[in-house]
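Visitor: Could you take me through this one? I'd like to start with how you decide that two parts touch.

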Amino acid sequence: METAIDEIVNEAIVIEDSGTSVEINLDEVKAPPQIRKRIEDEFNLILKMLNFGNMGHDIFRRWYVDGRLFYQIMIDINNPRKGIQELRYIDPRRIRKIRQPLKRTPIVGQNSKLIAPPYEEYFLFNPAGLSSGTMTQGVKISKDAICYVHSGMLDARNRMVLSNLHKA
């Protein structure tokens, strides 16, 4: 199994002679050249923060095996205009997205119908892991402070993200 995973990762992440394994293509983006240049610069900055040139295989492997990746987006609280300062990997067994419905409120003047409930969304992080006994214990993190990417495959009830290895 380990050899098969290595083979898949090696085929997915290929380093070209130019030294890059991924690049952004903005050919179809209808934006002025200065905006396209800014997007490209920011993309390259994120690759540098992730150390993707050296860690690309490991990042892809974690995503392929776990089915999801979490990174905490670190900014300078005293000067948010500096942008993202660091991206910290978070083990997917220690974090979970929570979506709690808030109380319904009636719409005034429309026969007092109830509107769909708004939701409070956040991530719950527990360094000890999130097992059935600690599902409600941990640190609340704003959904804007976490970058989350999953495989797109869900279980039959559409509740749990599956990895690419689930069928194996």
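Guide: Contact here means heavy atoms within 4.5 Å. This is a predicted model, in which local features need pLDDT of at least 70 and side-chain atom pairs count only at pLDDT 80 or more, while totals for chains, interfaces and linings use all residues. Residues are numbered from 1 along each chain as its sequence is written, and side-chain values use heavy atoms, with hydrogens and water left out.

Visitor: Let's look at helix packing. At what angle do α1 and α3 pack?

Guide: Helix α1 (residues 2-12) and helix α3 (residues 52-66) pack at about 125°, with their axes 10 Å apart; axes are lines fitted to C-alpha atoms, for helices over the stretch in contact, and angles run from 0 to 180 degrees between N-to-C directions. The two helices α1 and α3 are therefore oblique to each other, since angles under 35 degrees count as roughly parallel, over 145 as roughly antiparallel, 65 to 115 as roughly perpendicular, and the rest as oblique.

Visitor: Which residues meet there?

Guide: On the α1 side they are E2, I5, D6, I8, V9, N10 and A12, and these meet H57, F60, R61, Y64 and V65 in α3. The residues of this contact divide into 7 nonpolar, 2 polar and 3 charged, with Ala, Val, Leu, Ile, Met, Phe, Trp, Tyr, Cys and Pro counted as nonpolar, Asp, Glu, Lys and Arg as charged, and the others, Gly among them, as polar.

Visitor: Take I5, then: buried or exposed?

Guide: I5, which is found in helix α1, is buried, with a relative accessible area of 7%. Leaving aside residues up to four places away in sequence, I5 touches R61, V65 and L165. I5 and V65 are 60 residues apart in sequence, yet 8.3 Å apart in space, C-alpha to C-alpha.

Visitor: Now the strands. What order does the sheet with β1 have?

Guide: The order is β2-β1-β6, an open sheet of 3 strands with antiparallel pairing; two strands pair if DSSP finds at least two bridges between them. The edge strands β2 and β6 each pair on one side only, and the twist averages 25° from one strand to the next. Helix α2 (residues 33-50) packs on this sheet, touching β1 and β2, and its direction makes about 50° with that of β2. Helix α3 also packs on the sheet, touching β1, β2 and β6, with its direction at about 130° to that of β1.

Visitor: How many bridges hold β1 to β6?

Guide: Strand β1 (residues 68-75) and strand β6 (residues 146-150) pair over 5 bridges, and L69 has V149 in β6 as its bridge partner. On to β2 (residues 84-90): β1 pairs with this strand in the antiparallel sense over 6 bridges, and I73 stands opposite L87.

Visitor: What about the sheet with β4, what's its order?

Guide: The strands run in the order β3-β4-β5, again as an open sheet of 3 strands with antiparallel pairing. β3 (95-101) and β5 (139-142) stand at the edges with a single partner strand each, so one side of each is left without a neighbour in the sheet. The twist averages 40° from one strand to the next. β3 is joined to β4 (residues 119-125) by 7 bridges, and I95 stands opposite F125.

Visitor: Last one: where does N51 lie?

Guide: N51 lies in the loop between α2 and α3, and at 35% relative accessibility this residue counts as partly exposed. Its phi is near 55°, a positive value in a residue other than glycine. Most residues other than glycine have a negative phi.

Note on methods:
Helix = DSSP H or I, 4+ residues; strand = E, 2+ residues; numbered from the N terminus. Buried < 20%, exposed > 50% of the residue type's maximum accessible area, 1.4 Å probe, protein only.
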